[in-house]
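My entries follow in the order I looked things up.

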Amino acid sequence: MNPLFVGLDVSSKNNVAYLMKPDGSKHSSFSVQNNLGGAKILSERIVSALGSMQFSDVVIGLEATSIYGDSLVYALWEDGSLGRFQRKIHVLNPKQVKKFKEAYPDLPMKDNRLYIPPKG
């Protein structure tokens, strides 16, 4: 199994996606709105990446962020175009994610090309 890995950073307005090849190298990263239209775009981009690399498996992970990721998980699970692929969707416990980050302090926290510092 050579899956495409998809990490999602979910917030109330936007979702940032990071698509990673099985060898750990970056395929792409982008941001979509946190709504049904954004979920559809996300799904289309994932399907496109799977097709271009001729993969049949995708592993999607996102941190549980209150209610902001719930609709996204359901939209990705129910999406017909993703349905033809073997997919796993993992909702991660924020405390475990925090401990993982603490255990590996040398890992980058964000993809700098997507990070926009808060105004003010």
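**Entry 1: Q54**

I placed Q54 in the loop between α1 and β4. I then read its phi, which is near 55°, a positive value in a residue other than glycine. Most residues other than glycine have a negative phi.

**Entry 2: confidence**

Mean pLDDT for the protein chain is 85. I noted that 88% of its residues reach 70 or more. Where does pLDDT stay under 50? I found that stretch at residues 112-120. The model has 6 contacts beyond four places in sequence for residues 112-120. Low pLDDT means that the predicted coordinates should not be read in detail.

**Entry 3: the layout**

I counted 3 helices and 5 strands in the protein chain. Along the sequence I read the pattern β-β-β-α-β-α-β-α. In what order do the strands form the sheet? I wrote down β3-β2-β1-β4-β5, an open sheet with mixed pairing. The edge strands are β3 (26-33) and β5 (86-92), each of which pairs on one side only. From one strand to the next, I noted an average twist of 15°.

I looked at one pairing in more detail. Strands β2 (residues 14-20) and β3 run antiparallel, with 7 bridges joining them. For Y18, I found the bridge partner in β3 to be S29.

**Entry 4: helices on the sheet**

I turned to the helices. Helix α1 (residues 36-53) packs on the sheet and touches β1 (4-10), β2, β3 and β4 (57-63). Its direction makes about 165° with that of β3. Helix α2 (residues 70-78) lies across β1, β2, β4 and β5. I noted that α2 runs at about 170° to β5.

**Entry 5: the core**

Which residues have the most contacts inside the largest nonpolar core? I listed L4, L8, L42 and I46, in a core of 26 residues. At least two core residues come from each of β1, β2, β3, α1, β4 and α2. Helix α1 gives the largest share, 7 residues.

Beyond four places in sequence, L4 touches several residues, including L19, M20, I46, A49 and L50. M53, F55 and V59 are also among the residues L4 touches.

**Entry 6: N15**

N15 is found in strand β2. Why does N15 count as buried? Its relative accessibility is 2%, and buried means under 20%. I checked what N15 touches beyond four places in sequence: D9, V10, F30, S31, V32, Q33, N34 and L72. I also looked up the pair N15 and Y68, which are 53 residues apart in sequence. In space, I read 9.4 Å between them, C-alpha to C-alpha.

**Entry 7: whole-chain totals**

Buried residues make up 34% of the 120 residues in the protein chain. The chain exposes about 8100 Å², and I noted that carbon and sulfur atoms supply 54% of it. Of the contacts with a separation of 6 or more, 58% are between residues 24 or more positions apart.

Terms used:
Residues numbered from 1 in each chain as written. Predicted model: local features only at pLDDT ≥ 70, side-chain atom pairs only at ≥ 80, totals over all residues. Heavy atoms only, no water. Helix = DSSP H or I, 4+ residues; strand = E, 2+ residues; numbered from the N terminus. Buried < 20%, exposed > 50% of the residue type's maximum accessible area, 1.4 Å probe, protein only. Contact = heavy atoms within 4.5 Å. Areas by Shrake-Rupley, 256 points an atom, 1.4 Å probe, with all protein chains shown as cover. Pairing = 2+ DSSP bridges. Axes fitted to C-alpha atoms, helices over the stretch in contact; angles between N-to-C directions. Core = buried A, V, L, I, M, F, W, Y, C linked by side-chain atoms within 4.5 Å. pLDDT = per-residue confidence, 0-100.
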